[in-house]
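Trainee: Could you walk me through this structure, and tell me what stands behind each term as we go?

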Amino acid sequence: MEATVVTENSNEDVWSGGGKRPFAASYGKMMMWFFIMSDALTFSGFLVSYGLMRFKFIDSWPIADEVFTHVPFVHGHFPMYYVAFMTFILIFSSVTMVLAVDAGHQMKKGKVTLYMLLTIIGGAIFLGSQAWEWKNFIGGTYGAVVLQDGKIAQFVDNDGHQIALSDFVVKDDGARVAHTRSNGLWFENDAGSLPPYTVSEVVASFNANPSVNLRTEQIDLGVKEKTIVSKEEANKFLAKATNVVMGANLQVNEYGKTLFADFFFFITGFHGFHVFSGILINIIIFFNVIIGTYEKRGHYEMVEKVGLYWHFVDLVWVFVFTFFYLV
Amino acid sequence: MAHTEAHESHTGLIWKVFGFLSIITIVEVILGIMKPESLHLTPFLGTSLLNWIFLILTLVKAYGIAWYFMHLREEKASLRRAIVWTCVFLICYLTALVLIEGGYIHDQLAPYLSWS
């Protein structure tokens, strides 16, 4: 630590090792920029592989507006609103961070403390929102049927709006016998490991209900909407159905391509981990501000360095937001 | 030490930048919800016109954050260029790569996928 701190009486053109000070930047700031650039390359790699896979399946990729539609405490179909709120929270926490840096330049300890605290709270709200977003994505909304070749078939009403399995599937209580411990050595709890309906229940209810239609993953590129097929054709698809899926995980995804779920978990997870470490670092710096470490040191450069990291996390979110939710 | 000099407060500028970033985000969200057909369904250089608007607005936002919040405008020109130009070339390269090669992969793969 001592080695990186430029003290009042040292020559400000050199780093403490004695070398010339490149770009007129302090050692810590320079290293933070090195880290940010390498991290930016990592995220570019992730986003570009996402983009490439998306183009590869451009005619069957899930449509984000149909996937992320939840808003807390309100029931209904609200694409984009919640994630827009998350974006605002992160931008706002960036603003309080830059205000903290600004106050640090003027050696106003009280203001730095307040703005650091607001930044930490903003970060925590964002992280909580992301956890909630994950919860909805993992739990699923409508449920779907997965076919032999991994394609997903979803169900819509006559207006083309997606409907949940629970809205039309009639449970056939005789069809499935609950497994019990006395019947086998490798006992798995039935309730937790099985989807709520069987394929035959879904097919029977689908054919019994004229207002339910089947939608394939295929996107009509002329109108950029998923294709709804006739009942007759739907039965050809359903003949190949192997499983009922609820929600998304790394193996299966009710919204469409499993690859979409994999990328979503990986990229937003990696970003969320950055936010999490950012909050931890912010908390450490926050307490350092309170006990007066930087007041004694004579400058608040540490706040500026952690600020650089925090803004970078915001910057990455701007791109994640565009590629996962907008484009 | 640079920080012992009197620093003027940039609070006004910071709030202006915040307003600017907010407006861009609101425009993005409105376009994302409405998806006007004239933009959404018009292809342009490998993707739709709407996607190009999103990409450009995103880069403008990135510029706002890097330039004002990350204080790039206060850094020495040499450091600034080392960072900014690296990113500019990277983004141009990656965008071209995804738009050209991604479309190619789809063209080659699509005939092998049956939808009936």
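Mentor: Gladly. Let's start with domains: their bounds come from an automatic or database domain assignment. For chain B that assignment gives domain 1 (9-74) and domain 2 (76-116). Before we go on, this is a predicted model, where local features need pLDDT of at least 70, side-chain atom pairs count only at pLDDT 80 or more, and totals for chains, interfaces and linings use all residues. Residues are numbered from 1 along each chain as its sequence is written, while chains are lettered from A and ligands numbered from 1 in the order in which they are written.

Trainee: What makes residues of domain 1 and domain 2 of chain B count as a contact?

Mentor: Two residues are in contact if their C-beta atoms, placed from the backbone, lie within 7 Å. Four residues from domain 1 of chain B and six residues from domain 2 of chain B take part. The C-alpha centres of these two domains lie 19 Å apart.

Trainee: Which domains does the assignment give for chain A?

Mentor: Domain 1 (20-140 + 260-326) and domain 2 (144-246). Their C-alpha centres lie 38 Å apart, and four residues of domain 1 of chain A are in contact with six residues of domain 2 of chain A. On the domain 1 side there are no nonpolar, two polar and two charged residues. Here Ala, Val, Leu, Ile, Met, Phe, Trp, Tyr, Cys and Pro count as nonpolar, Asp, Glu, Lys and Arg as charged, and the others, Gly among them, as polar.

Trainee: What makes helix 3 of chain A "mostly covered"?

Mentor: A residue is buried if 20 or more other C-beta atoms lie within 10 Å of its own, exposed if 12 or fewer, and partly exposed in between, with C-beta atoms placed from the backbone. In helix 3 of chain A, 20 of its 25 residues are buried. Helices (H or I, at least four residues) and strands (E, at least two) are DSSP runs, numbered from the N terminus.

Trainee: How do you know what span to expect for helix 3 of chain A?

Mentor: The expected span is 1.5 Å times one less than the number of residues. Helix 3 of chain A, with 25 residues, reaches 36 Å from its first C-alpha to its last, close to the 36 Å expected.

Trainee: Why is a set of residues called a nonpolar core?

Mentor: Because its members are buried Ala, Val, Leu, Ile, Met, Phe, Trp, Tyr and Cys residues joined through C-beta atoms within 7 Å. The largest has 70 residues, and A:Ala100, A:Val112, A:Met116 and A:Val303 have the most contacts inside it. Helix 11 of chain A gives the most to this core, with 17 residues. A second, separate core of 16 residues includes A:Ala153, A:Leu165, A:Tyr197 and A:Val245.

Trainee: What makes strand 1 and strand 5 of chain A a pair?

Mentor: Two strands pair if DSSP finds at least two bridges between them. Strand 1 (residues 144-147) and strand 5 (residues 241-245) of chain A have four bridges, in the antiparallel sense, so they qualify. One bridge partner of A:Leu147 in strand 5 of chain A is A:Ala241.

Trainee: And how many bridges join strand 1 of chain A to strand 2 of chain A?

Mentor: Two, and these strands also run antiparallel. In their hairpin, which has four residues between the strands, A:Gly150 takes a positive phi near 90 degrees.
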